[in-house]
Amino acid sequence: MAQAAFSVRMDENLKKQFEGLCSDFGMNVTTAFTIFAKAVVRERKIPFEISQPVGRPKSIEEMSKEEFYFKLQEGLDSIEAGTGRPAEEVFAELREKYNFGKI
């Protein structure tokens, strides 16, 4: 099988940490990236969760089914406890906090 070079730029400190960890696993960086690439091709997805930084709420489309049901139950619990707020108030707060503007 023909071989091809692959170049990756990353922070020097991260590179050293990654190389050390790969060594602890008994492999080199090339082997680690090859394992990663094979898993991506085989599974047709990134083989680990990639999530967005904290800072804005996830949309329903971005939530897993479990996260959605948890949020839904939280809402129902707050209604039953009498601690819920009117939707208009919540939306106004979100528009202001996340600079959504008028929806």
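1. The side chains of Arg 42 and Glu 43 form a salt bridge, with an N to O distance of 3.5 Å. Please bear in mind that this, like everything below, is read from a predicted model. The two partners fall into separate exposure classes, because Arg 42, at 60% relative accessibility, counts as exposed, whereas Glu 43, with a relative accessible area of 36%, is partly exposed.

2. Across the whole structure the search returns 6 salt bridges. Among them is the pair Glu 12 and Lys 16, whose side chains meet at 3.4 Å, N to O; both residues belong to helix α1, where they sit 4 residues apart, about one turn of the helix, and both are exposed.

3. Helix α1 also holds Lys 15 and Glu 19, which are separated by about one helical turn because they are 4 residues apart, and their side chains meet in a salt bridge of 2.8 Å, N to O. Lys 15 has a relative accessible area of 41% and is therefore partly exposed, and Glu 19, at 33% relative accessibility, is likewise counted as partly exposed.

4. A further group deserves a look in the viewer: Arg 85, Glu 89 and Glu 93 are linked in a network of salt bridges.

5. On the nonpolar side, Phe 6, Val 8, Met 10 and Leu 14 make a surface patch of about 400 Å². Val 8 lies in the segment before α1, the helix that spans 12-24, and because its relative accessibility is 41%, Val 8 counts as partly exposed.

6. Which residues lie nearest the centre of the largest pocket? They are Pro 57, Met 63, Lys 71, Val 90 and Leu 94, out of 20 lining residues. The elements that contribute two or more residues to this lining are α3 (65-81) and α4 (87-97), with α3 giving the most, 6 residues. The volume of this largest pocket is about 760 Å³, and its lining divides into 11 nonpolar, 4 polar and 5 charged residues.

7. The second largest pocket has a volume of about 610 Å³, and of the 18 residues that line it, Ala 4, Phe 6, Thr 30, Phe 33 and Thr 34 are the closest to its centre. Here α1 and α2 (29-43) are the elements that supply two or more residues to the lining, and α2 gives the most, with 7 residues. By class, the lining of the second largest pocket comprises 12 nonpolar, 3 polar and 3 charged residues.

Technical notes: Residues are numbered from 1 along each chain as its sequence is written. This is a predicted model: local features need pLDDT of at least 70, side-chain atom pairs count only at pLDDT 80 or more; totals for chains, interfaces and linings use all residues. Side-chain values use heavy atoms; hydrogens and water are left out. Patches are made of residues with over 30% relative accessible area and no salt bridge: like charges are joined within 9 Å, nonpolar side chains (Val, Leu, Ile, Met, Phe, Trp, Tyr) within 5 Å. Accessible areas come from the Shrake-Rupley method with a 1.4 Å probe; for residues, only the protein chains shown count as cover. A salt bridge is a side-chain nitrogen of Lys or Arg within 4 Å of a carboxyl oxygen of Asp or Glu. Buried means under 20% relative accessible area, exposed over 50%, partly exposed in between (1.4 Å probe, protein chains only). On a 1 Å grid over the protein atoms alone, a cavity is a set of points where a 1.4 Å probe fits but cannot get out, and a pocket is an open set with protein on both sides within 12 Å along at least five of seven lines; lining residues have an atom within 4 Å of a point. Grid points are joined across faces, edges and corners, and a volume is the space filled by probe spheres set on the points. Ala, Val, Leu, Ile, Met, Phe, Trp, Tyr, Cys and Pro count as nonpolar, Asp, Glu, Lys and Arg as charged, and the others, Gly among them, as polar.
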